[in-house]
There are 2 protein chains.
Amino acid sequence: MTSSEALRARDAADPLRAFRDRFVLPEGVIYLDGNSLGALPRATPGRVAEVVGAEWGQGLIRSWNDAGWIDLAGRVGDKIGRLIGAAPGSVVVADSTSVNLFKLLSAALALRPERRVILSEQGNFPTDLYIAEGLSALLARGHGLRTLPAAEIIAAIDETVAVVMLTQVNYHTGALLDMAAITAAAHAKGALVLWDLAHSAGALPVHLERDQADFAVGCGYKFLNGGPGAPAFLHVAPRLHGLVRFPITGWLGHARPFAFEPVFAPAGGIAGAVVGTPPVLSLAALEVGVDLALEADLAAVREKSLALGRVFADLVQERCPELLLVTPMDDGARGSQVSFAHPQAYAIMQALISRGVIGDFRAPDVLRFGITPLYLRFTDMWDAVAVLHDVMQTGAWREPRFQVRQKVT
Amino acid sequence: MTSSEALRARDAADPLRAFRDRFVLPEGVIYLDGNSLGALPRATPGRVAEVVGAEWGQGLIRSWNDAGWIDLAGRVGDKIGRLIGAAPGSVVVADSTSVNLFKLLSAALALRPERRVILSEQGNFPTDLYIAEGLSALLARGHGLRTLPAAEIIAAIDETVAVVMLTQVNYHTGALLDMAAITAAAHAKGALVLWDLAHSAGALPVHLERDQADFAVGCGYKFLNGGPGAPAFLHVAPRLHGLVRFPITGWLGHARPFAFEPVFAPAGGIAGAVVGTPPVLSLAALEVGVDLALEADLAAVREKSLALGRVFADLVQERCPELLLVTPMDDGARGSQVSFAHPQAYAIMQALISRGVIGDFRAPDVLRFGITPLYLRFTDMWDAVAVLHDVMQTGAWREPRFQVRQKVT
């Protein structure tokens with residue numbers, strides 16, 4: 001059992017404590033939803049204002065060269081690559097996570113033309129499953145999506161499997177998969193692996209190259225603090241660069257986009273995965289978040305994430321036993337969130353939010369709390385659980401206003 | 001022949017003259033590249049700062065509901081719809097023009113499963129051709145892209161043509177196609193039509209509904225002044241909403257995205273064409289540009305565009321006869337740019353830009369000048385041609401520094 005005093009001492013000793021001041025955080029809020037939308041870095045408004053006012057307003061079209069916009073997607077991609085253990089030139093920022101899944105899943109299937117199974121996890125984030133379904137229907141060549149509980153994935157990989165497509169950290173439960181083991185098992189059967197890093201990039205050390213991942217995608221607006229709808233990223237292992245063919249062949253993925261040639265010739269390497277013009281304002285904001293993440297020691301981030309998550313889970317279990325912990329608490333088995341189930345999870349979360357403790361609800365019954373070590377303190381865990389305890393004790397969540405579903409929940 | 005005085009008088013009588021002050025325009029620049037990247041609306045920096053600082057920074061995840069982010073793509077889509085003659089609920093902002101071409105071309109081909117030809121214009125913007133090629137290769141069902149000179153398109157439409165895919169205004173020459181006639185000819189043979197409005201949305205009145213267009217895509221960063229890499233838009237005629245199937249089935253195109261259901265069920269209407277989370281900062285900037293365009297009478301914009309273009313073309317032909325006009329000058333046959341060919345077009349444009357007259361170069365030999373009536377004056381035409389004349393007369397473009405190719409040209 002811990003105490004408020006003990007947690008204050010941990011904050012004082014926290015090697016990452018200075019990072020909190022690098023973010024804008026609203027008064028009266030404990031923000032436990034950075035795994036859905038990361039907080040605003042203090043440097044972002046100034047950088048965005050510069051891009052809008054000086055680069056766009058004054059530089060106009062010249063800024064594609066003079067302000068380096070044309071290199072921005074590759075430059076930020078390489079920076080993200082350092083956070084996820086990917087070689088330079090193997091990551092680029094482009095499109096949304098969903099569009100990137102489509103591009104890479106298509107490229108992967110084309111590398112295993114004789115195989116028809118896409119293997120994924122039951123309970124994977126729906127967009128991953130939808131994209132696999134939609135692509136299979138489009139190709140109309142008998143591809144099928146097979147989903148299994150995580151624990152059964154490795155045993156199910158056989159010579160029919162073209163691609164194993166998995167999210168490293170489950171959005172619902174926070175469970176962390178073993179990238180090295182699953183990738184090795186897939187390769188042993190000749191299958192490729194596509195990793196979705198939505199809940200791992202910036203949250204914990206990822207080793208794409210070391211673990212021999214083939215493909216990866218990820219999100220800019222969660223632990224990378226890139227802002228709402230920040231563009232996503234994608235990775236292709238360098239050993240596959242000469243072999244892959246991307247299905248959406250836009251002009252910015254051409255080897256010579258400004259030659260305006262009538263026939264497509266893909267740019268070499270990861271640049272061939274680019275399609276259209278990237279949203280520069282959003283991309284510039286993403287770079288600020290990525291730069292900030294690069295300043296932190298990711299091993300320290302991971303250590304603090306695990307510690308914060310444990311404190312939070314222990315306090316909730318102790319003070320709110322009616323909530324069922326659904327996140328595996330072994331350090332090697334969880335990402336950077338803690339989730340609890342309760343039949344009234346929606347209303348409970350609304351009541352929490354109304355009191356300034358912001359997590360989110362995930363249908364049908366999960367309260368999800370994101371752990372973001374760059375701007376959360378140990379004492380925040382204490383304070384958040386105090387509010388949660390009060391909401392549960394008083395039944396405050398029963399108020400009718402907390403039952404009203406909002407568009408985004 | 002005109003005079004500087006006559007042009008000053010036209011500026012004084014210009015009903016759109018007040019719009020110029022609504023834009024930020026750098027000192028010493030005549031900006032004739034708004035068809036590549038539109039100028040910065042004066043209201044944009046403040047709006048973007050509000051989205052970053054207040055909506056993201058203070059509202060955090062709550063802004064998806066409280067600031068209406070979740071409705072932004074549809075709201076801005078409907079506003080664009082008013083500029084292009086499309087019904088409410090038939091336009092949405094999403095992805096890039098290239099990705100949207102992929103989605104709609106795929107949807108169109110699926111509606112004509114027995115047909116194999118995609119018909120387009122020789123010299124269409126390359127991304128349109130590349131996307132058609134790439135999609136055909138992906139489907140591997142014998143689809144093929146056929147390109148012809150614009151004048152031969154209608155005669156070539158037969159029962160083998162699934163989709164006629166055309167850009168209404170050619171990016172190179174500025175030639176304007178007859179949407180009504182081509183669409184009717186296609187429909188008479190059972191073919192569908194996909195219009196790329198990159199160089200027409202915001203530049204001239206477009207009548208998608210009146211002209212019976214089936215599908216359309218367009219660009220946010222040209223005549224809509226949405227900022228570098230602003231998200232694109234797409235349109236599907238309401239009569240097709242129940243029939244189309246989009247190939248990239250992302251979670252935000254689901255009927256109930258926040259139910260996180262394992263199987264895809266498309267949202268009704270145009271919402272099913274959305275894939276992933278839109279880049280909110282870039283999308284908010286786009287809305288400012290679209291709002292500004294909606295304030296202007298598009299008939300007046302068109303009238304001024306044609307008049308400015310004629311003045312510019314006449315002056316250049318009079319004063320720089322070594323430049324070959326490549327834009328058809330009939331009012332019904334051109335969009336909102338004027339292009340000239342010259343073997344040294346690249347160096348000439350670099351010399352112009354160094355003197356503050358910003359147009360752009362399009363390979364292999366075209367000088368392209370965009371006409372944007374909201375922020376250009378008749379006297380700008382005079383002044384720009386005076387600089388062009390000087391560059392040609394003095395041979396200033398021969399300086400070695402103007403021969404050096406930049407990344408973006």
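How many residues of chain B are in contact with residues of chain A? In this predicted model, local features need pLDDT of at least 70 and side-chain atom pairs count only at pLDDT 80 or more, while totals for chains, interfaces and linings use all residues. Residues are numbered from 1 along each chain as its sequence is written, and chains are lettered from A and ligands numbered from 1 in the order in which they are written.

**View 1. The side of chain B that touches chain A.** The contact joins 72 residues of chain B to 72 residues of chain A, two residues being in contact if their C-beta atoms, placed from the backbone, lie within 7 Å. Among the elements of chain B that each supply at least two residues to this side are α2 (44–58), α5 (97–111), α9 (280–295) and β14 (360–362); helices (H or I, at least four residues) and strands (E, at least two) are DSSP runs, numbered from the N terminus. The element that gives the most is α2(B), with 9 residues. By class, the side of chain B that touches chain A holds 43 nonpolar, 22 polar and 7 charged residues, where Ala, Val, Leu, Ile, Met, Phe, Trp, Tyr, Cys and Pro count as nonpolar, Asp, Glu, Lys and Arg as charged, and the others, Gly among them, as polar.

**View 2. The relation between the two chains.** Chain B is superposed on chain A by a rotation of 180 degrees with 0.0 Å of shift along its axis, at an RMSD of 0.0 Å, which is the relation of a two-fold axis. The superposition is by least squares on the C-alpha atoms of residues with pLDDT of at least 70 in both copies. Because 100% of the interface residues of chain B are also interface residues in chain A, the copies meet through the same surface.

View 3. In β8(B) (residues 192–196), 5 of the 5 residues are buried, so the strand is largely enclosed by the rest of the structure; a residue is buried if 20 or more other C-beta atoms lie within 10 Å of its own, exposed if 12 or fewer, and partly exposed in between, with C-beta atoms placed from the backbone. Leu192(B), Leu194(B) and Asp196(B) point one way from the strand, and Val193(B) and Trp195(B) the other way. Strand β7(B) (residues 161–167) pairs with β8(B) in the parallel sense over 5 bridges, two strands being paired if DSSP finds at least two bridges between them. On the other pairing, β8(B) and β9(B) (residues 215–218) are parallel over 3 bridges, with Ala216(B) as the bridge partner of Trp195(B).

**View 4. The sheet of strands β11, β12, β15 and β14 in chain A.** This open sheet of 4 strands has the order β11-β12-β15-β14, with antiparallel pairing. Strands β11 (324–325) and β14 (360–362) of chain A stand at the edges, each with a single partner strand, so one side of each is left without a neighbour in the sheet. Strands β12(A) (residues 337–341) and β15(A) (residues 366–370) pair over 5 bridges, and Phe369(A) is the bridge partner of Val338(A).

**View 5. The surroundings of Ala150(B).** Ala150(B) lies in the loop between β6 (144–148) and α7 (153–156) of chain B, and is buried, with 21 other C-beta atoms within 10 Å. Not counting residues up to four places away in sequence, Ala150(B) touches Glu121(B), Ala175(B) and Leu177(B).
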